Amino acid sequence: MPPQCCATRYTRRLPARLEDLAGPTTGTVDLPLHIVWSGRRSYELTGLKPRISLYRTVLAEGQRQDLEAFLNRDLLISQWPILRPLVSRFIRDAWENAFPELAAARGTAAA
């Protein structure tokens with residue numbers, strides 16, 4: 001698959017604004033089968049590792065409505081320095097090009 005095709009795939013899924021990411025900040029998140037068709041589907045948000053794993057999975061496999069439902073704006077920004085090397089270059093570029101606050105957050109410490 002050509003690189004432009006991969007980049008477009010993720011750009012089309014982006015929310016209009018980061019403020020549209022209204023996902024939970026506490027509790028347990030159970031992802032639907034269309035995002036995770038095998039393996040772990042339930043994530044506890046209190047732990048950093050499960051939260052990073054959830055965000056990485058949703059960023060890679062979720063559609064726009066999934067991104068808005070399962071990701072939280074503030075958590076995404078605070079965790080971006082950890083997430084950015086764990087996602088593909090196509091995902092990273094799509095999000096940082098669309099949302100300069102993520103590009104700015106890449107050098108800050110995550111909460």
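D20 is partly exposed, with a relative accessible area of 21%, and that residue makes a handy way into this predicted model. A salt bridge joins D20 to R17, whose closest N and O atoms lie 3.0 Å apart. From there, the briefing below widens to the whole chain and then turns to its helices and charged pairs.

**The chain as a whole**

- Six helices and two strands make up the secondary structure of the protein chain.
- Along the principal axes, the C-alpha atoms fill a box of roughly 35 × 30 × 25 Å.
- Of the 111 residues, 42% count as buried.
- Counting contacts between residues at least 6 apart in sequence, 64% join residues at least 24 apart.

- The mean pLDDT of the chain is 90, and 90% of its residues reach 70 or more.
- Confidence is lowest in helix α1 (residues 3-11), where the mean is 72.
- Helix α3 (residues 64-70) has the highest confidence, at 98.

**Salt bridges**

- The count of salt bridges comes to four.
- In the pair formed by R17 and D20, R17 is partly exposed because its relative accessibility is 45%, between the 20% and 50% cut-offs.
- D20 also counts as partly exposed, since its 21% falls between those cut-offs.
- R73 and E19 meet through their side chains in another salt bridge, at 3.5 Å from N to O.
- R73 is partly exposed at a relative accessible area of 26%, and E19 is partly exposed at 44%.
- E19 and R73 also belong to a network of salt bridges that includes D74.
- E96 pairs with R84 in a salt bridge whose closest N and O atoms are 2.6 Å apart.
- Here too the pair links distant parts of the chain: E96 sits in helix α5 (residues 89-98) and R84 in the loop between α4 and α5, twelve residues apart.
- E96 is buried, because its relative accessible area of 9% is under 20%.

**Helix α2**

- Helix α2 covers residues 48-61, which makes 14 residues.
- From its first C-alpha to its last, α2 reaches 20 Å, close to the 20 Å expected at 1.5 Å a residue.
- Its buried residues are P50, R51, I52, L54, Y55, T57, V58, L59 and A60.

- Helix α4 is mostly covered, with eight of its eleven residues buried.
- Those buried residues are L75, L76, I77, S78, Q79, W80, P81 and L83.
- Among the elements that cover them are α2, α5 and α6 (100-105).
- Where α4 starts, a side-chain oxygen of N72 comes to within 3.0 Å of the backbone nitrogen of D74.
- A104 is a residue of helix α6, and A104 is exposed because its relative accessible area of 60% is over 50%.
- Between the C-alpha atoms of A104 and P81 the separation is 9.6 Å, and the two residues are 23 apart along the chain.

Definitions and conventions: Residues numbered from 1 in each chain as written. Predicted model: local features only at pLDDT ≥ 70, side-chain atom pairs only at ≥ 80, totals over all residues. Heavy atoms only, no water. Helix = DSSP H or I, 4+ residues; strand = E, 2+ residues; numbered from the N terminus. Expected span 1.5 Å × (residues − 1). Buried < 20%, exposed > 50% of the residue type's maximum accessible area, 1.4 Å probe, protein only. pLDDT = per-residue confidence, 0-100. Contact = heavy atoms within 4.5 Å. Polar contact = N/O pair within 3.5 Å; in protein donor to acceptor, adjacent residues only side chain to side chain.
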